[in-house]
Structures are given as structure tokens and as C-alpha cells.
Amino acid sequence: MQIDSEALGASLKRLRKAPHEPDVVRALQRVVSSVDRLFGYDGAGIMLIDQEEQLRYVAAADEAGRSLEEAQARAEQGPCYDTYVVGRPVTTKDVRSDARWPQLAEVLDERVRAVAGVPILLGGSPVGTLNVYQSEPAEWDDSDIIALRAYADLTGELVAAALASQEHNATAAQLQYALDYRVVIERAIGYLMATHGEDAVAAFSRLRRRARDSRRRVADLAAEILSGGDA
């Protein structure tokens, strides 16, 4: 499906002119609803990182979209999970048969098949993902990714405004913590990649697993690894 560039521009313009919404979750739900209408796909959603470096459901256009996000959070794998870790778009024609995420199909809503995700960036670092899905296997083209990137950029602007506001809520506070320590975590991921000969997703999973097993924050373990602790 080719995304109409004029419709995309008009939608983004309306969102930017909308009254300020101090609640970041409500603001992002408005973005998701606009994405859902423009794309004409079966659903859209947004996941944001929390202070435990766990992607969490924030907004979705429907229950299947919400289940997609929650399933990836539970399985700690999937296109949106990978999008966050590598900081670039990740797509799949059919997530249920994609060999990259063997455990995901077991917990995924049967209505979710084709999935595309792009990172939401803040200060150049990913803080979440914007995702769309279709209920049948399908290919994604450049216009999909361009449109998703545009909405992800807008989402980053809304998140930045929420963090700059004096009206912080719990979601904004969690994002601020994650953002403050993102550089340390990214450096630790790079170190683990070099040490263990694994890709970024595997290194991030290793870091989160070790932090969970030792009941520490991911950021604290990352700092220990960089200071010469056991990797």
C-alpha cells in the first residue's frame, strides 16, 4: 500500500497544531489513532522503555495491537523489540512464521501477521517504538517506512515536550531515567558484542537477563561491566 504523501503531511500538521496535552500517554494515543486512520492497516501501537529497560505498552489502536506489544514484552523478542535495540526499522512479512522470533508465535494474537516497527528517538537514542500490523501476510515498501519515521519523529517531539514540562507523570519520569542511562547501556552492549561475538539484540538480552537474575538495574550492571567487572 502506497502512503499518500499529501495525506501524511496534513495529518502531521493537524497533530502539531493540536492543543498541548500534558499527559504523555493521552498525547501518544492521539498519534496512534492518526496512524491507524492514515495507514488503513489493521492496527498501530506505541511502546516506550521504562527504568528497568523493559519495553512497555503505552498506546494501541485496538486489542490485537495491544496484544502484539504485550506479547513482545513477555517474550523479550520480536520486530518491535529488535527495532528498539538496533535503533532502525525492522519489518516482517509474517511474524508468526518468522524464524527470528520462534517463541513469539506461541503468545501472539492470531490476528497479527505482518508487522513493521520504527524507533522513537530522543537525543539520538531510542526510547521506544512505533508499530503497525496487518492481519494477513504482506510486504512493506519504502512509503510505509517513510511515513512511520515521520510519525515516530513527531512522537519523539511529544515525549521531549513531556520531559521538559513541569507536569511530569510516572511515564515521563521512567523515560527520563532510561534516557539518562542510555549511553552507558549502549556502551555496555557494544562491549558484550565484542566479548561474546554476538549481535546487539543478543547482547541486550544477556545484559537484561543478568540484571534480572542479580536483582539489579540494567544501568547499574552496565556501569559495572564498563568499569572492569565480569562480563
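Visitor: At what angle do helix H4 and helix H8 pack?

Guide: This is a predicted model. H4 covers residues 79-86 and H8 covers residues 200-213, and their axes lie 9 Å apart. The angle between H4 and H8 is about 95°.

Visitor: Is H4 roughly parallel or roughly perpendicular to H8?

Guide: Angles from 65 to 115 degrees count as roughly perpendicular. The packing angle of H4 and H8 is about 95°, which makes H4, relative to H8, roughly perpendicular.

Visitor: How many nonpolar residues are in the contact of H4 with H8?

Guide: From H4, the residues Tyr81, Asp82, Tyr84, Val85 and Val86 take part, and they meet Ala200, Val201, Phe204, Ser205 and Arg208 of H8. By class, two residues in this contact are charged and one is polar, while the number of nonpolar residues is seven.

Visitor: What span should helix H1 have at 1.5 Å a residue?

Guide: H1 runs over residues 5-17, which is 13 residues. The expected span is 1.5 Å times one less than the number of residues.

Visitor: What arc do the buried residues of H1 cover around the axis?

Guide: Leu8, Ser11, Leu12 and Leu15 are the buried residues of H1. They sit on the same side of H1, because the arc they cover is only 95°.

Visitor: Which helices are included in what covers the buried residues of H1?

Guide: The other side of H1 carries the exposed residues Glu6, Lys13, Arg14 and Lys17. The cover over the buried residues of H1 includes helix H2 (24-39) and helix H5 (142-164).

Visitor: Is arginine 182 buried or exposed?

Guide: Arginine 182 is found in helix H7, residues 182-196. Leaving aside neighbours within four places in sequence, arginine 182 is in contact with Glu53, Tyr84, Val85, Ser125 and Pro126. Its relative accessible area is 3%, so arginine 182 is buried.

Visitor: Which elements do the buried residues of H7 pack against?

Guide: The buried residues of H7 are Arg182, Ile185, Ala188, Ile189 and Leu192. They cover an arc of only 120°, which puts them on the same side of H7. The face turned away from that buried side carries the exposed residues Val183, Arg187 and Ala194. The buried residues of H7 pack against H4, E5, helix H6 (170-180), H8 and H9.

Visitor: Which glycine follows H7?

Guide: H7 has 15 residues and reaches 21 Å from its first C-alpha to its last, close to the 21 Å expected. The residue that follows H7 has a positive phi, near 60°, and is glycine 197.

Visitor: What is the relative accessible area of arginine 215?

Guide: Arginine 215 lies in the loop between H8 and helix H9 (218-226). Phi of arginine 215 is positive, near 55°, in a residue other than glycine. Arginine 215 is exposed, with a relative accessible area of 80%.

Notes. Residues numbered from 1 in each chain as written. Predicted model: local features only at pLDDT ≥ 70, side-chain atom pairs only at ≥ 80, totals over all residues. Heavy atoms only, no water. Helix = DSSP H or I, 4+ residues; strand = E, 2+ residues; numbered from the N terminus. Buried < 20%, exposed > 50% of the residue type's maximum accessible area, 1.4 Å probe, protein only. Arc of directions from axis to C-beta. Contact = heavy atoms within 4.5 Å. Axes fitted to C-alpha atoms, helices over the stretch in contact; angles between N-to-C directions. Parallel < 35°, antiparallel > 145°, perpendicular 65-115°, else oblique. Nonpolar A, V, L, I, M, F, W, Y, C, P; charged D, E, K, R; others polar.
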